[in-house]
Amino acid sequence: MQASKEQRISGMSNQLYYQPIQEVEAYCLPRFQTLDPRLHYNESSQSTHLPLQSFHEHYCTLESSWSNGSYTVYNTPSNVSFSPSGSPMSQQDSHSYLSDQYHSPDQTYSSPMSGSCITDDATDLKYKLKQLETVMLGPDSNVLDNYCTTFPNGASNSLPDEDSWGQIMESISKKDLKQVLIFCAKAVADNDLLMAQWMMDELRQMVSVSGEPIQRLGAYLLEGLVARKASSGSNIYKALRCKEPASCELLSYMHILYEVCPYFKFGYMSANGAIAEAMKDEDSVHIIDFQIGQGSQWVTLIQAFASRPGGPPHIRITGIDDSMSAYARGGGLNIVGKRLSKLAELVKVPFEFHATSMSGCDVQLEHLCVRPGEALAINFAFMLHHMPDESVSTQNHRDRLLRLVKSLSPKVVTLVEQESNTNTAAFYPRFVETLNYYTAMFESIDVTLPRDHKERINVEQHCLAREVVNIIACEGVERVERHELLGKWRLRFAMAGFTPYPLSSLVNATIKTLLDNYSDKYRLEERDGALYLGWKNRDLVASCAWRCKPSTN
């Protein structure tokens, strides 16, 4: 009996992960929450002065001009205020820096002071800060002479102590980009606007979207810091959607990321393995996917069920997705339904598709169309972290959805999430966490995708930069990237009435085989019934499964 069970799982597992590429290629499109095509792109590179009241109507990277109460807006040829050569443009003027080792000779961007203000002399540094103050605040200001003057909204410019000065200057002189980013974030957190501005100007000379992983990530982190300092986080978050690529291009970018990073394949494979095992004896299976995207996760599962001993079950998939994903698909959820239906017909699997076009926040019981006699599986892959919790709204859709799902008595619920702690953390620790997490992500991309790859910048900008900027620059309901560690997810599932569902060791072994095709710096670890995929010593994605707690009656 046990041998028969293992044989059935083994047969499905092989089908689940090893399919001829020719058959899968037409269906296997990566699934990601996509960008908003409704915002438009301005090809002009001219600066425009906007009064404060019209600020919300225009956006690219902003910095305030304190002396005249206006904002200078640069509509640059890239969505995140990068020069055509790929580095961030200054928001203050348009003169050129001398080229340095981090930038190509044709780059043209600048800060309020020409050249670098790196200095080892604290007196000289104070003088240069005074120059910067004069540019920003006018010639009659004596802010530095008073050290503790308070700016509007409680902003302060009190200078750090001598030890801190030394650490800052040493980091800048050594071009220790990671440490300078951290110092700048601390200044922003402390509302030390003058210090933050000075370090931002130094950072502009150190970051590059075409450089090393930390330089590329630093460019997007700097954009987030600039937006936060200007209190414009939501606007830059939306600005990153400007000049939306054609849907076929966006699909291409997502597909590249899907192929070069195993995180998404890992998540989908582990979830499919849990569902396949839970449904191995069922004749009618209903899968509710709360963020179906392109539907590519289900290609291998449908093929696995097609080869199941005794014949395939009847499969019904309810695909939930809001309008944000329609652009990348080139249309609504009916495209996903037709694609999966065609595949199911090809492999002779009875199949139905039910489309539910709405945000997870709006989903109610009547939208899920559950039928009696169906074995139910729920899939939360890279989705729940977008749901606001009790720290954002009293509605707490994150826990509400779990309670709703529990009321349906599913056989299995799968969870795949990024292993990061950015939900309720204050800004400064959240910045450090984001820096560490995405450093590992960008390093892993660097190993697989050459820096001179013509689409790499597009992949990182359209698929990753928006997340980074949202985490750093936005707050409240506008901060939608709210990741939690698996320990917190465990508490939420337990409170909703679920207990862990052990993952198959055979499936885990198959995933380990997958990783052999990637860098040996990836690591897979099984802990407490969950799988963690990491880069070097950093966990990046966690996957686990759950089932309803047995009744105590």
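## Two helices side by side: H12 and H14

Axes, in what follows, are lines fitted to C-alpha atoms, for helices over the stretch in contact, and the angles between them run from 0 to 180 degrees between N-to-C directions. In this predicted model, helix H12 covers residues 297-306 and helix H14 covers residues 334-346, and their axes come within 10 Å and cross at roughly 20°. Because angles under 35 degrees count as roughly parallel, H12 and H14 are described as roughly parallel to each other. The crossing of these two helices, H12 and H14, is right-handed.

On the H12 side, the contact involves Trp-298, Val-299, Ile-302 and Gln-303, while H14 contributes Leu-340, Leu-343 and Ala-344. Sorted by class, the residues where H12 meets H14 are six nonpolar and one polar, with no charged residue among them.

## A second pair: H6 and H8

Two packed helices are described by the angle between their axes and the distance between the axes. For helix H6 (residues 177-189) and helix H8 (residues 213-229), the angle is about 10° and the axes are 11 Å apart, and H6 and H8 are therefore also roughly parallel to each other.

From H6, the residues that make this contact are Leu-177, Lys-178, Leu-181, Cys-184, Ala-185 and Val-188, and from H8 they are Ile-214, Gln-215, Gly-218, Leu-221, Leu-225 and Arg-228. When the residues of the contact of H6 with H8 are divided by class, eight are nonpolar, two are polar and two are charged.

Ala-509 belongs to helix H19, which covers residues 505-515. Is this residue buried, exposed or partly exposed? Ala-509 has a relative accessible area of 38% and is therefore partly exposed, since that class lies between the cut-offs of under 20% for buried and over 50% for exposed. Along the chain, Ala-509 and Leu-524 are 15 residues apart, and their C-alpha atoms are separated by 9.9 Å.

## The chain as a whole

The helices described above belong to a chain that has 19 helices and 12 strands. The chain consists of 553 residues, of which 58% count as buried, and its accessible surface comes to about 22400 Å², with 50% of that area belonging to carbon and sulfur atoms.

Definitions and conventions
Residues numbered from 1 in each chain as written. Predicted model: local features only at pLDDT ≥ 70, side-chain atom pairs only at ≥ 80, totals over all residues. Heavy atoms only, no water. Helix = DSSP H or I, 4+ residues; strand = E, 2+ residues; numbered from the N terminus. Buried < 20%, exposed > 50% of the residue type's maximum accessible area, 1.4 Å probe, protein only. Areas by Shrake-Rupley, 256 points an atom, 1.4 Å probe, with all protein chains shown as cover. Parallel < 35°, antiparallel > 145°, perpendicular 65-115°, else oblique. Left-handed = near helix turned anticlockwise from the far one by under 90°. Contact = heavy atoms within 4.5 Å. Nonpolar A, V, L, I, M, F, W, Y, C, P; charged D, E, K, R; others polar.
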